[in-house]
Amino acid sequence: MTDFTPTEMMTIAASRELSNNDVCFVGIGAPSAACNVARLTHAPDITLIYESGTVGTKPDVLPLSIGDGELCDTALFTVSVPEMFRYWLQGGRITTGFLGGAQIDKFANLNTTVVGPYDRPKVRLPGGGGAPEIASNCGRIFITMALSKRGFVEKLPFVTSMGHGEGGDHRERLGMKTKGPTRVITDLCILEPDPVTKEVTVVSIHPGVGREQIIENCGWAIKFAASVIETPAPTETELSVLRDINARTKKAHEGTGTGKEAA
């Protein structure tokens, strides 16, 4: 088996969560990479939707932002942003949302607004964009983030996008009819919310990763399920597809001033 990086493992593990029948609202960055790997491997008929209103898009390179022309150029059709949110998203027509964030807590709430006090933040982040509505209205949510104490924190300074709130039946008490986060995919492991408490719990550990490494990189006392499996390693096909799209993306974006790969 070809060697792979933790980021490649995370992206491929996330891509496996998707199926042909999904209508997926895609976030930029790692979620976009995972969704397009799924489209180019086991889920060729998946419908990918981006916040800018592009429906059924099939990008050849990963977009820099929701306004990247690659999305509109390769979409089945494009609608206005108000139609996207009011008809498609709030109308319950999107099965899956794929999100990332700067910070996450044990109930899978996300922060993309500020680090530190809101009125005097240490860091001001990009903000929520459409993520709060995606988290509330998609049938289920997958979250992709690298596991670190900086990102996985005991208490969020600001809740941008609600996961399971305070845990338990908090979503239901607020009148939310969607499932919320059902998977958190990291570079070390995969987590699922406990059926009762909704605290995210380790259910799968990636190859070569130990429990101590997971514990050391989480900002709370992370829990493990009674039965924990090993995540299947990436196949050569999955790695080839991911690396090819990353290489195309890097080449296409050279000279843009970002200096970054898309995943």
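## Aromatic pairs

Rings of Phe, Tyr and Trp count as a pair if their centres lie within 6.5 Å. By this criterion the structure, which is a predicted model, holds six aromatic pairs.

One of them joins F77 and W88: this pair is tilted, with 6.0 Å centre to centre and 45° between the planes. The two residues are 11 residues apart and belong to distant parts of the chain, F77 lying in strand β4 (residues 77–78) and W88 in helix α4 (residues 81–89). F77 has 34% relative accessibility and therefore counts as partly exposed, whereas W88, at 16%, counts as buried. Ring pairs also link F77 and W88 with Y87 into a cluster.

## A stacked pair between loops

Y118 and F158 form an aromatic pair that is stacked, with 5.4 Å centre to centre and 25° between the planes. This pair too links distant parts of the chain, 40 residues apart: Y118 is in the loop between β8 (114–115) and β9 (123–124), and F158 is in the loop between β10 (140–144) and α6 (170–173). Y118 is partly exposed, with a relative accessible area of 48%; F158, at 28% relative accessibility, also counts as partly exposed.

## Helices α2 and α8

Helix α2 (residues 30–40) and helix α8 (residues 236–253) have axes that come within 10 Å and cross at roughly 120°. The two helices are therefore oblique to each other, and α2 passes α8 in a right-handed crossing.

Definitions and conventions: Residues are numbered from 1 along each chain as its sequence is written. This is a predicted model: local features need pLDDT of at least 70, side-chain atom pairs count only at pLDDT 80 or more; totals for chains, interfaces and linings use all residues. Side-chain values use heavy atoms; hydrogens and water are left out. Axes are lines fitted to C-alpha atoms, for helices over the stretch in contact, and angles run from 0 to 180 degrees between N-to-C directions. Helices (H or I, at least four residues) and strands (E, at least two) are DSSP runs, numbered from the N terminus. Angles under 35 degrees count as roughly parallel, over 145 as roughly antiparallel, 65 to 115 as roughly perpendicular and the rest as oblique. A crossing is left-handed if the near helix is turned anticlockwise from the far one by less than a right angle, and right-handed if clockwise. Rings of Phe, Tyr and Trp (its six-membered ring) pair if their centres lie within 6.5 Å; planes under 30 degrees apart count as stacked, over 60 as edge-to-face and the rest as tilted. Buried means under 20% relative accessible area, exposed over 50%, partly exposed in between (1.4 Å probe, protein chains only).
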